[in-house]
Amino acid sequence: MFQIKRLVAEPLLRLSCVASASNSVALSRPVELPADSSRQALPLKRLLAHAQANVPFYHDRLQEPDSSVATVSDLLNAVPVTTKDDIEANFPDGVTDGSDPADWRMMSTRGTAQRLITIQGFEKRDAVRAANLRMLRLAGGYRPGMPMVEIPPEVCENVCGEMGEEDEGVLSHLWSMLRERRLREQKSIRDLRGLVERNWIFNRKTYSGFGIHGSHPPPEILDQYVAGLRRDRPYLLKALATYLTTIAKHLRDSDAKPLSIPVIKTMGSRVTPGQRELLETSFGGKFWDDYGSAEFGSIACECDQHHGLHVFDDFFIVEVVDANGGRVADGELGWVLVTDLMNLTMPLIRYKIGDVGRIDHSPCACGRTGPRLTVTGRAHDVIVDREGGWCTTDDVVDFLESQPVVDSAQVSVKSKGWYEIAAVAIRNASIERGVLAASFAQWIGGQPRVDVNVVSTLRPEAGGKFRYVRGDLERR
Ligand SMILES: [Zn+2]
C-alpha cells in the first residue's frame, strides 16, 4: 500500500495543482538567490508600491516609491517596524488591500500570547503550500506519499478523533458520494480533496495530544503512543516539542527498543539544542529544525549541516534587529522581523513576529549563500538578567533540564529578581527544593528570590501549547 501511495502521490499533487490553477509545485523548488540579494529588490519594490497605494495603514507610513533606491537594505531602512498591536488596531480594513473578500482565507495564530488573524489571498496560499513542500523536502527528504505521523497540540482533538483512528478512506468517501448522488455538492468535494491530500499526497495520520494529562501522562498512556508509532512506522514524526521529549524519555526509561523513525520535527513549539540528542537516540533518526508561523507558513529550515535555518528568501526577507529597529551584527541576539514578499492582500512588512534569534550571513558548508537564522525562543519568554543580558527559552530550559533529578520545569518571573519554578522530578526520584532554588539563583545571578514547587505534571496554556518561561523582556 505504501508503494502505491508513493507512486500516485506526486502525479496527484501535480494534477490537483493544475485543476486548481495552483503554481505550488513549481514554486516549491528551492531558489538560490545571488548573495547580494539584488533579486529581492524587485519583489520588495512591488510589495511596497502595492501597500503604499492600496493599504491604508501603509499608505501613511511608506514613502511614494522612489525608483532611484535600489538595494534591499535601503528600501527596508525607510520602513518602520510593524507590531502585532498595529495590525490589531487596524484590522481588517486598514491593513488589507481592498481586494475581493471572496478570495480571502483567515488564518488565526494560536500563539501563547496575542491572538491574531491574518488574511491570505490565493497567491499567498499557493506560496504557503509551496513553502511547506520545500521545507519537508529540504529538511529531512520527505516526499509526498511517505507515511507521516503528527501529534499537534490538543486544539485539533475534535476534528482528529481518537488516537490512531483510521480516517475514512478516499475510495469509500467517493463511493458514498456516488451512492448518495453528492458528486456536485461543494462540501463533499472539499472533503474529498482534503482526504486525497491527507491520505494519498501526504499519507498523514494524526494522533491526539496528551490533553488532561498535561506534560507527563502515566506510562500506560505513553505505551499507546509508542505502540502506535511501531505500528504506523512513519518516515516523519512531527509533534509538539513537549510530546516528543516526554515520549522519548519514556522510551529511554522503559528500556524499550528505540524506534526507527528517520525524520523528527517539532510543530508549534521549540525543541532546545539540549533535547536533540535524546530525541535522536529514542526515535532512531535525525532531528530537523524548521521555522514558520500561522501568519507566514514555513519561513526557513535546516539543511543537512544542521547549522542554522536557511531562509526561503524568494518568499521572505528576515532581519534581526535591536529595540529601535536597527539591524544587529551577525551572531548578536535581537528581535526577528519578517517581510512577506508573497502576501499582497494583507501585507506584513518588517513585522515583529515575537521571536528572538540571531542571523548569520556567512556562506553555509552546504554551499548555500543566503542568510541563516537561529531562533532561540519567544520574546516574552526572555528573562533579562542582572546585567541586562538575555536568557532565552533555550538557555533556561537547557539549564533546568541539566539539573539532577529534574525532568522538566517552568519558570515565571513574578517581578524583578523574583522567580517561581514548577518542576517535575524524573521517575522514582525527588527534587530537593532548596538545592534547585540555590542552583537557579546562582545561574541567573544577583540575590534573587526563587520559589520552587514540585509538581507531577505541567499544564498547557489554552490551545494546548506549553510555556516553559514567563519572562520580563517586554516590561522593560
Ligand atoms: Zn546549509
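In which sense do E13 and E14 pair, and over how many bridges?

A: The model is predicted, so local features are given only where pLDDT is at least 70 and side-chain atom pairs count only at pLDDT 80 or more, whereas totals for chains, interfaces and linings use all residues. Residues are numbered from 1 along each chain as its sequence is written, and side-chain values use heavy atoms, with hydrogens and water left out.

E13 and E14 pair in the antiparallel sense, over six bridges. Strands here are DSSP runs of E with at least two residues, helices are runs of H or I with at least four, and both are numbered from the N terminus. Two strands are said to pair if DSSP finds at least two bridges between them. In general, strands of a sheet pair through backbone hydrogen bonds, either parallel or antiparallel.

Strand E13 covers residues 351-360 and strand E14 covers residues 372-378. Within this pair, isoleucine 359 has leucine 373 in E14 as its bridge partner. Leucine 373 in E14 is also the bridge partner of leucine 309. E14 is joined to E10 by two bridges, and these strands run antiparallel. Five of the seven residues of E14 are buried, so the strand is largely enclosed by the rest of the structure; buried means under 20% relative accessible area, exposed over 50%, and partly exposed in between, with a 1.4 Å probe and protein chains only.

The zinc ion is the next topic. Its protein donors are Cys303 (SG), His310 (NE2), Cys364 (SG) and Cys366 (SG), which lie 2.1 to 2.3 Å from the ion. Donors are N, O and S atoms within 2.8 Å of the metal (3.2 Å for Na, K and Ca), and sites may look incomplete because water is not among the atoms. Along the sequence, the donor residues follow the spacing C-x6-H-x53-C-x1-C. Histidine 310 belongs to strand E10 (residues 309-311) and cysteine 364 to the loop between E13 and E14, so the pair ties together parts that are 54 residues apart in sequence. Histidine 310 is buried, at 7% relative accessible area, and cysteine 364 is buried as well, at 5%.

The angles subtended by the four donor atoms around the zinc ion are 103 to 115°, which makes the arrangement tetrahedral. Four donors count as tetrahedral if all angles lie between 85 and 135 degrees. The ideal angle for four tetrahedral donors is 109.5 degrees.

Proline 347 is buried, with a relative accessibility of 0%. Apart from its neighbours within four places in sequence, proline 347 is in contact (heavy atoms within 4.5 Å) with Leu47, Ala51, Val55, Tyr58 and Val95.

Finally, the wider setting. The chain is divided into domain 1 (2-287), domain 2 (294-376) and domain 3 (382-475), with bounds that come from an automatic or database domain assignment. Domain 2 and domain 3 have C-alpha centres 28 Å apart, and their contact takes six residues from domain 2 and seven residues from domain 3.

Definitions and conventions:
Tetrahedral: all angles 85-135°; square planar, octahedral: opposite > 155°, others 65-115°.
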